[in-house]
Amino acid sequence: MRLVLLGAPGSGKGTQGRVLAERFEVPLLSTGEMLRAQVAAGTELGEKVGPALDRGALVPDDLVLSVVADALVKAEAAGGCVLDGFPRTVPQAQKLDRAETRPDAVVHLGLDDGVALQRLARRDDGRADDASRAVIMHRLQVFHEQTSPLLEYYGKQGLLVTVDASAEPEEVTEAIMAALAERDLPVS
Ligand code: ADP
């Protein structure tokens, strides 16, 4: 099973990603986590991407690909993966298609900006990019401008499933599982 989670910051990609990866027994690949780990480890890549993370801007496609490519190959051997935070641009999605790792389904965690803002303001897991309202606003804007075109990209391919992400996490998970079952994807 190869699943992509698509949603604004605060929509619950990380939370749902962990649960879905466990249910499908595949690895969870979170590009945000991978990039933050590079910064924390003080690698050369971490130094390059740190400023973009702090501003809430996207990291250039080639740098994201350099961190995700190996993990994607390994995931294939593990029977697929749940992708949290990748792809985030149309060129990234095209790359994923070309690598013959086209997703089985793309789950859009739909959420109003107002609710996303409230959640991010409350979230306190020590992420620098959650600390300032200006950065949070920028991440939402980046989602609308650079990532939301993927809704059309995957919609046209018939892969998009949209769920209401404002519900409780367990309800969101069940809505995702129901939507996948409806598409005849193996959910049990
Ligand atoms: P959120 O969705 O809450 O903003 P993430 O952990 O998914 O959190 O992403 C945090 C940051 O990591 C993004 O603001 C961006 O700077 C960077 N990032 C993560 N994934 C990508 C990606 N696929 N392409 C470019 N930048 C990315």
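**View 1. The ligand takes up the space of the largest pocket.** This is a predicted model, in which local features need pLDDT of at least 70, side-chain atom pairs count only at pLDDT 80 or more, and totals for chains, interfaces and linings use all residues. Residues are numbered from 1 along each chain as its sequence is written, and side-chain values use heavy atoms, with hydrogens and water left out. A pocket is found on a 1 Å grid over the protein atoms alone: it is an open set of points with protein on both sides within 12 Å along at least five of seven lines. A molecule sits in a pocket if more than half of its atoms lie within 2 Å of its grid points.

**View 2. A shell of 19 residues surrounds the ligand.** A residue counts as near if one of its heavy atoms lies within 4 Å. The closest are Lys13, Thr31, Ala57, Gly85 and Gln92. By class, the shell holds 8 nonpolar, 4 polar and 7 charged residues. Here Ala, Val, Leu, Ile, Met, Phe, Trp, Tyr, Cys and Pro are nonpolar, Asp, Glu, Lys and Arg are charged, and the others, Gly among them, are polar. Helix 2 (residues 31-40) gives the largest share, 4 residues. Helices (H or I, at least four residues) and strands (E, at least two) are DSSP runs, numbered from the N terminus.

**View 3. Lys13, Gly85 and Arg88 each place an N or O atom by the ligand.** The side chain of Lys13 has an N or O atom 2.7 Å from a ligand oxygen. For the side chain of Arg88, the distance to a ligand oxygen is 2.9 Å. Gly85 uses a backbone N or O atom, 2.8 Å from a ligand nitrogen. On its own, the ligand has 550 Å² of accessible area (Shrake-Rupley method, 1.4 Å probe). The protein covers 97% of that area.

**View 4. The structure has 1 cavity of 30 Å³ or more.** In a cavity, a 1.4 Å probe fits but cannot get out. The largest cavity holds about 40 Å³ of space. Its lining (residues with an atom within 4 Å of a point) includes Lys13, Gly85 and Arg88. Strand 1 gives the largest share of this lining, 3 residues. The lining divides into 5 nonpolar, 3 polar and 2 charged residues.

**View 5. Two loops hold backbone features.** Most residues other than glycine have a negative phi, and most peptide bonds are trans. The bond from Phe86 to Pro87 is cis, with omega near -5°. Pro87 sits in the loop between strand 3 (81-84) and helix 5 (90-98). Glu25, not a glycine, has a positive phi of about 55°. Glu25 lies in the loop between helix 1 (13-24) and strand 2 (28-30).

How values were computed. Polar contact = N/O pair within 3.5 Å; in protein donor to acceptor, adjacent residues only side chain to side chain. Points joined across faces, edges and corners; volume = space filled by probe spheres on them.
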